[in-house]
Amino acid sequence: MGEYFDSILKPRVQKVTYTDVWKAGSPVAGTEGNFNGVSHCFKYIRLESYEDALGNLALHRSKGQQTLLEAHENSELDAARQSYVMNYMLEVETRGSASLLDTKLFTDPTAYQLNVRSASGDETKAVNVDLLETFNYLLGLEVEHIAAPIWFDAEITQGEFGRWQAQVKRVNAEDLKAMNDAQRARLWWFRTVYGVNRAGQKVLVVWRNLPSVIAKDEKGLLKDNAVLDAVLIEKLHIRLTSSQDDEVDIHYVNGDHNIAIPKNRRGELMEEARVQLIEEAFHRLMFANTESGEL
């Protein structure tokens, strides 16, 4: 949509929820002195445009490849060059581009960005992508509850048999507000979504950051997963078993994890993995029904 969405349409929606009568740009009170507004919340979503998708492609090409392509530009081999650009380049060299889903950036789901053009197309700016909301849509999830982020500090130690363990402590809002960016970057946060998918299964999605991995700690993934285990069991009271009475049918979590997948009574892994990686599901659903699973 054009710029008029921000200048006209959105203000109209905001105004009509405040009061149904306006005069000369000001709300008019009713006979009882109130404005007859309604308690209301609305959400608008900007979809990634085709131009934005192309604009976010990042080429991973060696110097030799680039020199070879430039050498044959406008030559008799130009047709072959164009074929390479439209096929191999888009399928291989652009892998990992933000618009093609760079799952390495899921270590901090709140920081995933795309460069988006303004409505007029005159400028481009980086905007955050709401991965949580997008994943809900991809799952076709009927959302029952979305929790606010909860933050934790942790004391991580290595046990007798080499297993990393974490003692976690929740950070309250006041302490979090008093911290600077560097201090917050060392904390772990979690956010949960409960809902029901199209198959009628109860779904739990756990989003988290992986600060140790982001900091390039040699044992970063092990430490972040120790915190994941502690938070799921001690704070969120989430336990997956083979019982049919479990509250959750499928559990999604971002980042490689060491959550044990429940087995049936014969000790066999259950046919459908009840613990799934968000990154794998996101990519599969995002490129469903597309040729070769890529743009």
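Leaving aside neighbours within four places in sequence, which residues is Asn136 in contact with? In this predicted model, the partners are Leu141, Val143, Ile146 and Val193. Asn136 itself is found in helix α5, which covers residues 131–139. Its relative accessibility is 6%. Asn136 therefore counts as buried, since the cut-off for that class is under 20%.

The protein chain as a whole has 10 helices and 11 strands. It holds 295 residues, and buried residues make up 32% of them. Among contacts with a separation of 6 or more, 57% join residues 24 or more positions apart.

Helix α9 spans residues 220–235 and has 16 residues. From its first C-alpha to its last it reaches 21 Å. That is close to the 22 Å expected at 1.5 Å a residue. After α9 comes His237, with a positive phi near 55 degrees.

Not counting residues up to four places away in sequence, Ala230 touches Ala166, Val168 and Lys235. Ala230 and Ala166 are 64 residues apart along the chain, yet their C-alpha atoms are separated by 6.2 Å.

In soluble globular proteins, nonpolar side chains tend to be buried together. Here the largest nonpolar core has 21 residues. Val168, Phe190 and Val227 have the most contacts inside it. The elements that give two or more residues to this core are β6, β7, β8, β9 and α9. Of these, α9 gives the most, with 6 residues. A second, separate core has 18 residues. Leu132, Phe135, Leu139 and Tyr252 are included in that second core.

The second largest pocket holds about 280 Å³ of space. Its lining comprises 15 residues. Asp108, Arg184, Ala185, Leu187 and Asn209 lie nearest its centre. Two or more lining residues come from each of α7 (181–184), β8 and α8. The largest share is that of α8, with 3 residues. By class, the lining divides into 8 nonpolar, 3 polar and 4 charged residues.

Arg186 is placed in the loop between α7 and β8. With a relative accessible area of 55%, Arg186 is exposed, because the cut-off for exposure is over 50%. Its C-alpha lies 6.0 Å from that of Pro211. In sequence, Arg186 and Pro211 are 25 residues apart.

Two further loop residues have positive phi values. Ala24 is a residue other than glycine, and its phi is near 55 degrees. It lies in the loop between β1 (22–23) and β2 (26–27). Ala24 is exposed, with a relative accessible area of 82%. Lys216, which is not a glycine either, has a positive phi of about 60 degrees. Its place is the loop between α8 and α9. Lys216 is likewise exposed, with a relative accessible area of 73%.

Definitions and conventions. Residues numbered from 1 in each chain as written. Predicted model: local features only at pLDDT ≥ 70, side-chain atom pairs only at ≥ 80, totals over all residues. Heavy atoms only, no water. Helix = DSSP H or I, 4+ residues; strand = E, 2+ residues; numbered from the N terminus. Buried < 20%, exposed > 50% of the residue type's maximum accessible area, 1.4 Å probe, protein only. Contact = heavy atoms within 4.5 Å. Expected span 1.5 Å × (residues − 1). Core = buried A, V, L, I, M, F, W, Y, C linked by side-chain atoms within 4.5 Å. 1 Å grid on protein atoms, 1.4 Å probe; cavity = no way out; pocket = protein on both sides within 12 Å on 5 of 7 lines; lining within 4 Å. Points joined across faces, edges and corners; volume = space filled by probe spheres on them. Nonpolar A, V, L, I, M, F, W, Y, C, P; charged D, E, K, R; others polar.
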